[in-house]
Amino acid sequence: MEKKTCLSLLVENNFGVLSRISGLFARRGYNIDSLTVGTTENAELSRITITVTGDDQILTQIKKQLNKLIDVITVIELKTDESIIRELVFIKVKADDTTRSQIVEIANMFRANIVDVSRESLVIEITGTRYKIEGFFEMVEPYGILEFVRSGDTGLQRGGKILSV
Amino acid sequence: MIPLLASKLILKCLERENVEFVFGYPGGALLPLYEAFRTSPIKHILVRNEQTAPHYASGYARESGRVGVCLATSGPGATNLVTGIATAYLDSIPIVAITGQVDRALIGTDAFQEADITGATAPFTKHSYLVQNAADIPRIIREAFHIASTGRPGPVLVDIPRDVQLENVKTGLTYDKVDIMGYKPNLNGHSGQIKRAIKKIKEAEKPIIYAGGGIVLGNAQKELLTFAEKNNIPVITSLMGIGAFPEDHPLYCGIVGSHGYKYSNVVMNGADLIINIGARMSNRATSHLTKFEKDTDFVHIDIDPAEIGKNMETSIPIVGDAKTVLAELIPKDTITDHATWLAEIETIRLDNPLVYDADPPCSDLINPKVLFRDMSEMTADNTTVVGDVGLNQIWSALYYRIIKNRRYFTSGGLGTMGYSIPAACGASFATLDKPKEIFIVCGDGSFQMSMGELGVIAEHQLNVNIILITNTKLGMVRQLQFDTYGKGHYSGTDINFDIDFMKLAEAYGIKSYKVDKNADFNKVLPEAIKHQGPTLIQCQVHPDFIRI
């Protein structure tokens, strides 16, 4: 059965590491839903969060193949109940004098921020789980979504556990 | 510390890795390195096309058990290495490929002879480096050799810009101990899994060991023999596993797969426990296996965790080195006799005998199966045979017996035509101080893919014997066309020119023979073996001889 899984990787900041990882997904035919990458507390390391879809056999293979890459130090699965997984989304919604306040109200309910206003549109910044964001999309859809951009999932394990070398 | 030119430092680093030979081809981006070669004890062997250089390194590595090194300039030189690197990757052969690159400032500008070789080879290198700072050279070269030769071996590429080679560095060879955060291969098997495996082995009524290239690469032949003999478990090999187990041993059960022996596939299908040691279970090996049902238990021992469960569901996974895990298994209390199973196998073997016969017109010329069977009797116990790709490969793999210290090399995973000549040359360079019989087996198709390398054979008077099987056809593809589309449906598989290979050999000063009868082959073979220096025996096989 196919399911979505969130993987968290600690990698060495070496030349080409990102292309090695994305290339692995491409050539082995794995589906990548999102990938985020950023620096860590250690300047030599980066942290990558990858969301993938596949059945158990494929997910096991993905983890093993990632672990095989020399630059990859650790791979863990971020389980929903033991981790915080969030995504940042900017949504540009059509808004005029008659609809603006309604959209702002919806944004407030979702604890989203209005980060840009013009005569015809609003840009809303929302952070949350996939489910929260889907819910928000549903609510603002009727007003007309002009465009949006999603950062992809990023996450951390809850509690004292840390991903280390 | 006196500053050292980076190009000299590179060669010093190679010396530290005990590199004797570098198989390469020069070019603009390697001028500094080639200038340094003039005064280095490392011998540079000029290959005749970069495409063969990784195969030389591969043959050298397989014969010597050390890392083979190849070298090519930037751009076309580097891209010419691609197939050879992929060949080594698929067969897990430890080689280091060094490439020249354009100056750092020119990278990304589509400069003359620029190619993104680390990018191009990423899917089939174990790892690669683009050296951006000459001070990193000692660490990178140490790591490259370490990564290539440890764990599951494989090719590592080091791309070095021309201007990096010209830097002066003060670091010296201070970097000794490799410490790569993300690379710590596991050698010992998990004790819990070993316990479970032992239980299964004790319970099994029809166990077989399926031995792959991991036994050969991991030098675990002795341990396998002890383990199999102690428990009376028959051994089947993959194509890459040829040489893992002596073929004259009563427990030997042949080669499995679409191009294996029929009886081996029947035996494998009848097993209730398969102990896979260092084999990938690739599609070619498993295509003729039907009975992998739930009642067949499957113990998989492999140094690469990603191989376990990749192609076949595994009941007991053991991640570890073949030699180490076998040494862990041997002392365990498992002694079993399996007399009934062995008797059943004997019946299967008798019911599915190897077929040597051929009908006219095929029988009018050389029978290649008989040729390799006879050759088994006439060659030394430490012979190395390098098979190319095609019918010649299957005939030599199936009918030349690998016993005692004999070795069989071929491009098993990628199936790269043109492998045999350069790989055998590499093996020959590895044995210059203790010459032995090395045979190249190729067809007229594969021979023509690498025949430029006759120049190297002649130049260095390498002691290799070429068994050239000619039928003016691309036999294996022709066989596939016949099997798929029927008689007469041949397309693009005729070599429509009957080359005078005797004249060609003569041009290179290589002693040559042409035979079209098995009896004549048997007459000239001892002569060719006795001859000091290279020889070529052209063996005429009928184009319609396409059975393996």
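In β11(B), which residue is the bridge partner of B:Thr237? Select B:Ile255 and you have found the partner.

Before going on: this is a predicted model, where local features need pLDDT of at least 70, side-chain atom pairs count only at pLDDT 80 or more, and totals for chains, interfaces and linings use all residues. Residues are numbered from 1 along each chain as its sequence is written, while chains are lettered from A and ligands numbered from 1 in the order in which they are written.

**Stop 1: the sheet.** Strand β10 (residues 235-237) of chain B pairs with β11(B) in the parallel sense over 2 bridges; strands are DSSP runs (E, at least two residues) numbered from the N terminus, and two of them pair if DSSP finds at least two bridges between them. Now show the open sheet of 6 strands in chain B, ordered β11-β10-β9-β12-β13-β14 with parallel pairing. At its edges stand β11 (252-255) and β14 (316-319), each with a single partner strand, so one side of each has no neighbour in the sheet.

**Stop 2: two helices.** Select α11 (residues 221-231) and α14 (residues 322-329) of chain B, whose axes come within 9 Å and cross at roughly 30°. Helices are DSSP runs (H or I, at least four residues); axes are lines fitted to C-alpha atoms, for helices over the stretch in contact, with angles from 0 to 180 degrees between N-to-C directions. The pair is therefore roughly parallel (angles under 35 degrees).

Show side chains: B:Glu223, B:Leu224 and B:Phe227 of α11(B) meet B:Lys323, B:Leu326, B:Ala327 and B:Leu329 of α14(B), contact meaning C-beta atoms, placed from the backbone, within 7 Å.

How values were computed
Parallel < 35°, antiparallel > 145°, perpendicular 65-115°, else oblique. Contact = placed C-beta atoms within 7 Å.
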